[in-house]
Amino acid sequence: MTDNVAVELDIYSGVPNPAWTLQAAEAAEFQRKLKSLPQTSGGRIDNNLGYRGFVVRTGPTTAQVQRGTVKVVKDGETVFRTDPGRQLERWLLQSGKPFLETATFTLAEREFEK
């Protein structure tokens, strides 16, 4: 049984970010994709204004997915992974398409053009 996987698009300042919960099959796919990412010795997650990627929470684990870097914190331990081609990040955005306003989806999608 897979824990609930809550996804937040970290894009707004001053108002709540859009969020949704993955269905069981999507949650399992997320876990598989996350575990398949190569581990790296370090990374950096920006806290700038505007698009800041995704925050994904499942059980005791929080993952921040941003611009090819994934920071995973579980039980107080931090591990960084790389997201080649930003595939996990793109997948997360697509998973939210039914839940996001069109303008918000388009704004986030533009981040992949940079």
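**A walk around the predicted model**

Residues are numbered from 1 along each chain as its sequence is written, and side-chain values use heavy atoms, leaving out hydrogens and water.

Now switch to cartoon. You will find 3 helices and 7 strands, in the order β-β-α-β-β-β-β-β-α-α from the N terminus (DSSP runs: helices H or I of at least four residues, strands E of at least two).

Next, select helix α1, residues 24-36, and show Arg 32 and Glu 29, which sit 3 residues apart, about one turn of the helix. Their side chains form a salt bridge at 2.8 Å, N to O (a side-chain nitrogen of Lys or Arg within 4 Å of a carboxyl oxygen of Asp or Glu).

Then go to Asp 46 and Arg 44, whose closest N and O atoms are 2.9 Å apart in another salt bridge. Here Arg 44 is exposed at 63% relative accessible area, while Asp 46 is partly exposed at 26% (buried is under 20%, exposed over 50%, partly exposed in between; 1.4 Å probe, protein chains only).

Last stop: select Glu 89 and Arg 86, joined by a salt bridge of 3.0 Å, N to O. Are these two residues buried or exposed? Both Glu 89 and Arg 86 are buried.

Methods
This is a predicted model: local features need pLDDT of at least 70, side-chain atom pairs count only at pLDDT 80 or more; totals for chains, interfaces and linings use all residues.
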